[in-house]
Amino acid sequence: MSYQLTLNKRSEQGSKAKALRKAGLVTSVVYGAGEPVLTSSVYNETEKALSAVGYHSPVELQIDGQVQLAIVKSVAVDPVSRRVMNIEFQAVSESEVVEASAPIVVKDFDKSEAAKKHYTLLQVLEEAAVKAKPSQLPKELIIDGSKLNDVEDRLTLADIEMPNGVELVDAATASETIVANVYDPAAEAAAREAEETQVEPVATPEESTETSA
């Protein structure tokens, strides 16, 4: 079941919209259901909804008594206070396939041979673009980290366990897109120490004479 959030239509824009945010409201816009609809909502309820759905689950918008299914397309956050300022929603229907982002979770790395060798996991890709019907959009994508053995090993988008009805947007390049790999922290530390302790060669008196000549 999708999360619900109550929105109120607004006419305020520009500086008047800023006044709404100062009053503790979050401004928003709903696209995709005809003309864009300017809306606002109570901050605490909006924050709870965003925490629940993120960019990957549908949210049921209650707009002046009417229900509209939507997904979050973008969120503007104040750079100092980190408070949510504005949200852009994309209206969708239950039957259409939509694109959204889903977080990637590497599981069971602690059971891998790489972990037993005290290697460290480095996840370089935190989320992936997927397409599915709104009710099938996954909250997370699981990838098996137990199959990592050596520093040459890596996990790609192709290794993700895709849920039923869900496809990667970039499926054609999935096998080339790295999600995570491993490295040996002890070997890297030794290499850095060797570089730091390396002494520059000192020229002999004869070499100095030849150079000056």
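Reply: Start with V169, which lies in the loop between β13 and β14 (178–183). Helices (H or I, at least four residues) and strands (E, at least two) are DSSP runs, numbered from the N terminus. The model is predicted: local features need pLDDT of at least 70, side-chain atom pairs count only at pLDDT 80 or more, and totals for chains, interfaces and linings use all residues. Residues are numbered from 1 along each chain as its sequence is written, and side-chain values use heavy atoms, with hydrogens and water left out.

Me: Is V169 buried, exposed or partly exposed, and why?

Reply: Buried means under 20% relative accessible area, exposed over 50%, partly exposed in between (1.4 Å probe, protein chains only). V169 counts as partly exposed because its relative accessibility is 28%.

Me: What is V169 in contact with, leaving aside neighbours within four places in sequence?

Reply: Contact means heavy atoms within 4.5 Å. On that basis V169 is in contact with E99, A129, V130 and K131. Take S101 as a distance check: S101 and V169 are 68 residues apart in sequence, and their C-alpha atoms are 9.8 Å apart.

Me: Which residues make up the two faces of strand β9?

Reply: Strand β9 spans residues 127–132. A128, V130 and A132 form its covered face. E127, A129 and K131 form the uncovered one.

Me: Which strands pair with β9?

Reply: Two strands pair if DSSP finds at least two bridges between them. Strand β7 (residues 98–107) pairs with β9 in the antiparallel sense, over 6 bridges. A102 has A128 of β9 as its bridge partner. Strand β13 (residues 167–168) also runs antiparallel to β9, joined by 2 bridges. There, V130 stands opposite L168.

Me: Which polar contacts does the T27 side chain make?

Reply: A polar contact is a pair of N or O atoms within 3.5 Å; within protein, one must be able to donate a hydrogen and the other to accept it, and residues adjacent in sequence count only if both atoms are side-chain atoms. The T27 side chain reaches the backbone oxygen of M85 at 3.2 Å. A polar contact of 2.8 Å joins the side chains of T27 and N86.

Me: How many helices and strands does the chain have?

Reply: The chain has 5 helices and 14 strands. Of its 213 residues, 31% count as buried.
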